[in-house]
Structure formats: C-alpha cells, structure tokens
Amino acid sequence: MASLSSICHSPIFLARLSISPSSSRSYVVPKTAVVGRPRQLGFYKHGDGAVAVPKTFALRSALDEVSVIDSPQNEDGKSQLIDSLKLKLLSIVSGLNRGLAASEDDLKKADDAAKELENAGGLVDLTCDIDKLQGRWKLVYSSAFSSRTLGGSRPGPPTRRLLPITLGQVFQRIDILSKDFDNIVELELGAPWPLPPLEVTATLAHKFELIGSAKIKIVFEKTTVKTTGNLSQLPPLEIPRIPDALRPPSNTGSGEFEVTYLDADTRITRGDRGELRVFVIS
C-alpha cells in the first residue's frame, strides 16, 4: 500500500479533494488512499499552487470515503475564552459581599465583565436548554444590593439600622418539572442585649413560566420563615400571599428577568428593573 505522504501529494488525490478548509462533507477517494485511522494534515503544495487540506478528517475503509470535519481548535479556543471571562467576573465580585459593599466603580466593573461573558456565550435559548436551570443556585453578586436594602431596587428592610440585619447566603432553588422557583435567604436578626441574635431562613416560594426564549416570569405564592441555630426546634411560620385586592399597586407579587448567560455551573440574569445577578451552581 502506498504511504500516506505519497498519497496526499498525488495529483489524483489533490484533484479529487479540491476543497476549502471550512468544508464539512464526504468525498470519495481511490481505494488505495484508504487507511485505518484519522491523521492530521496541513497545507500541501502541488506544482505552482497550494492546495488546502483540512487538518482533521476521518478515513473510512469500509465505505471508501473521507469524512472531512472542522478542526476542534475553534471550539477549544471559545471554551478557553469563556473560562477566562468567568474567572474575571467572579474575581471582580468576590470581595463585594454579594454587592452590599459595591461602589459605583465596582458596579461598572462587574457590569462590563458580565457583558463580556454574555457576548462570548451568545444568545440563551431556554426552550432548548431549560434543563440547565434545574438545581440549587448560590447568589454571588447582585447589583441591587448596593442600595443597602435587602429588597434591592424594590422596597426592602434596611441593613445596619435600629434593627441590624445581617445577610447570610442567598440561594435560588429551581425545579423545571413542578415550575417551583424559590428564593432562599439566610438572615441574622439583631436583638437587644443580652438576648442572642435570631437566625432564620426565609423561603419565598414562586412559580415560574417562560415568556420568551430567555425571559422568565415568576409569581409569588408564599413566604416560609424557619428559625435555625439554637431555636431550630420551633415550627416554621408560613406567611401567605396578600390578596390582590389588598396589595399595593407597586407590589404586584410577580417579576420578570432575562437569563443572559447560562452553562452547567454559572448563570447571569438581568431583572426588569435593571438588576444584574450572578449565580453559581451550589
């Protein structure tokens, strides 16, 4: 059998290929050109001209054909770029205490880094990737917390006032089958001396629905408050949803946000009031 080098320099072989580097099709070649496993090829000169042969192709002896595929180098490069941009974003927000300690300059740096990652990742399509939402996500940054209230740009309890409130971890628990969407907030409520602080976990239960390829609407149902720590034996307190007739116009009990980046371990969302939030899978 002729060597691979002599085959690839053969005028017959080159004339039959006549392909561009970006093609992804199958070409019939002489049986003498069939070998047992894929090889890496580059650019070959024949006569006065240069013929470009794709760097990766599989030779199938059973079918006597060459399956030409694109080099994986582009995909590897994109993956490395995304990993680098994720690390950059997480490094920027890591020292901001979920956004509570963010300055105006910090807000801009985080937003710019998030936009870079969003652009590199491309458009999110939850109609195809809804399963990626499943799980328990940990909030690592919210631009809304820079307002120094736990409600962000919406009304919420202030921090560091007469009744100190220390924000612990914040999670989102999403179940794509039941459409449950729970915001879970760990809080430490200050108490007058000599009483110890009260540790509680508040679960704000919602239902969610897709209202676009990357947009989600959540509707509030109820809040459950459970004491932890020394008082963990107390039963949970359930606070039902306020009837719509008694609800202030500014508090509709629902919200919308867009998922602007999503992969197996990182999620970026932008809310209906401009909040930027960054989550990592827990």
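## A buried aromatic ring

Phenylalanine 257 counts as buried, at 9% relative accessibility. Buried means under 20% relative accessible area, with over 50% called exposed and partly exposed in between (1.4 Å probe, protein chains only). Phenylalanine 181 is buried too, with a relative accessible area of 1%.

The whole structure holds two aromatic pairs. Rings of Phe, Tyr and Trp (its six-membered ring) pair if their centres lie within 6.5 Å; planes under 30 degrees apart count as stacked, over 60 as edge-to-face and the rest as tilted. Phenylalanine 181 and phenylalanine 257 have ring centres 5.7 Å apart and planes at 45 degrees, so this pair is tilted. The pair links distant parts of the chain: phenylalanine 181 lies in strand E9 and phenylalanine 257 in strand E13, 76 residues apart. Ring pairs join Phe181, Phe208 and Phe257 into a cluster.

## The model and its chain

This is a predicted model, in which local features need pLDDT of at least 70 and side-chain atom pairs count only at pLDDT 80 or more, while totals for chains, interfaces and linings use all residues. Residues are numbered from 1 along each chain as its sequence is written, and side-chain values use heavy atoms, leaving out hydrogens and water.

The chain has five helices and 15 strands. Helices (H or I, at least four residues) and strands (E, at least two) are DSSP runs, numbered from the N terminus. Of the 282 residues, 38% count as buried.

The largest nonpolar core has 25 residues. Such a core is a set of buried Ala, Val, Leu, Ile, Met, Phe, Trp, Tyr and Cys residues joined through side-chain atoms within 4.5 Å. Leu133, Phe208 and Ile216 have the most contacts inside it. Strands that give two or more residues to this core include E7 (135–142), E8 (165–175) and E9 (180–189). E8 gives the most, with four residues. Another core, of 19 residues, lies apart from this one; Leu85, Val93, Ala110 and Leu276 are among its members.

E7 and strand E15 (residues 276–281) run antiparallel, joined by five bridges. Two strands pair if DSSP finds at least two bridges between them. Tyrosine 141 has valine 278 in E15 as its bridge partner.

Strand E14 (residues 266–271) also pairs with E15 in the antiparallel sense, over five bridges. Here threonine 266 stands opposite valine 280. E14 and E15 form a hairpin with four residues between them. In the turn, glycine 274 has a positive phi of about 90 degrees.
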